[in-house]
Amino acid sequence: MHSKDEKKLNWLHLGAGAFHRAHQAWYLNQLHQQGDTRWTLSLANIRNSSTQQTLQQLAHQQGRYTLEAISPDGEITYHPISAIAEVILWDAGLESLVARGADPRTRIISFTVTEGGYFLDDEGHLDLTHSAIVADLAGEKESSTLYGALVRILRQRMRDNAGPVTLLNCDNLRNNGDSVARGLRQFVAALDDSALLAWIEANTSTPNGMVDRITPKFDEALFERLAQQGITDDRAPLSCESFSQWVLEDNFIGGRPALEQAGVEFVDSVTPHEEAKIRVLNASHSGIAWAGALLGKRYIDQSLLPGVKAWIGDYVRQDVTAALPESTLDLADYCDTTLNRFSNRWVRDTTQRVSSDSIAKLQQFIMPTLKARYRQGETPQAALILPALFFRFMQRRAEGKLPFDYEDRALDEVPFAEIFASDDPLRAFISEPKLAGPLAGDERLLKDMAEALTRVDAGLQQMAESK
């Protein structure tokens, strides 16, 4: 399904999950609706995952689908999306993906592989000991990591003299462009490919960005709502909230679409927006999911009981505000807006989906605030509620009492069975570097977490009794 217009420029996205189709594709679609169709999208996967079925259906529909957007007040709008001009079905050798990525017309390669898909340690460096990274470096199997896929594409671009390309990270990572650039350089350095490393330095850019739009797991009821609109031939629709935000640094080495015309905000530094989103929205989302699961709630909006809201509000006002440098952003107001979005009962995100990959989320979204407050000589009492909730959540899982199957790509990296079978599970938990990072084994954290657990237990019991 290649474009007939050879002059069009291409944007390749890796990761066919719902978020890309509700966010980046939606923005480009808006630009197309304004008459600017100079850029087209290609969509692919780097692994043979469950989204392969989605790709197959999208290929059948020539990349077209319907996006349902719902406001907290229940106002619904339907958007026909046709920005995806090419669907690349996964193949074991990734030949089609590499060919598109190495095409000189491809000037942007973006990706959504979740936070855990970057294999970064607490200091933001590539974990060269991770089994997936080791396998990709050794060439033992087809590339299964983002780095392996990018190396294959970039090597081909270098051979073909295909020109510069922007690598655009669309995941919730702190300094996400810098993070993937560092990880990629360390991966290539481990391959001992100095020529490719030099080419990457000269021919790629990695702008930092912040993305935001709640896109819950697919619900079959969407088909019924579409039928009421007369739409019966779409088998790959999705639903999301009406709110959307994308903040980017304008550092696109090979050019870019005029996304500012579609509502994207271009800034000199994305850091203030990024930190606010990661520490307020992402961290809170995880905390609410853990609390909700412990209370037997299926959905995030059901989990926003007064006690949970109070925990989140205190966390932001007492610790996040103090941990971050002063900026023009009103974090308390941002927190209120975020909780209002989470309460949207028409965009029902499950506690199961939001709690997935919590190991990486604890490390990246929550621990930085704890570390900052301890460095300031303060006890982060409000922030400690979040890791305390995660401790109880994983303890409940160890007992086989979670209301759903917990999914986490890093689950095998933390010995949870041993932690919760030990004589002192809390000490074992906070001594694990994959969880506590540089605070691992800190006696202050042990004492403060014990106090936080007491508050969590009392709060959860009170909320359970007041149902």
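Reply: A residue is called buried when its relative accessible area is under 20%, exposed when that area is over 50%, and partly exposed in between, with a 1.4 Å probe and protein chains only. The model is predicted: local features need pLDDT of at least 70, side-chain atom pairs count only at pLDDT 80 or more, and totals for chains, interfaces and linings use all residues. Residues are numbered from 1 along each chain as its sequence is written, and side-chain values use heavy atoms, leaving out hydrogens and water.

Cys-240 has a relative accessibility of 0%, so it counts as buried. Cys-335, at a relative accessible area of 1%, is buried. A disulfide is a covalent bond between the sulfur atoms of two cysteines. Here it is taken as a pair of cysteine sulfur atoms within 2.5 Å, and the count by this rule is 0. Cys-240 accordingly takes part in no disulfide; the nearest cysteine sulfur belongs to Cys-170 and is 15 Å away.

Where contact means heavy atoms within 4.5 Å, 77% of the contacts with a separation of 6 or more join residues 24 or more positions apart. The C-alpha trace spans about 65 × 60 × 45 Å along its principal axes.
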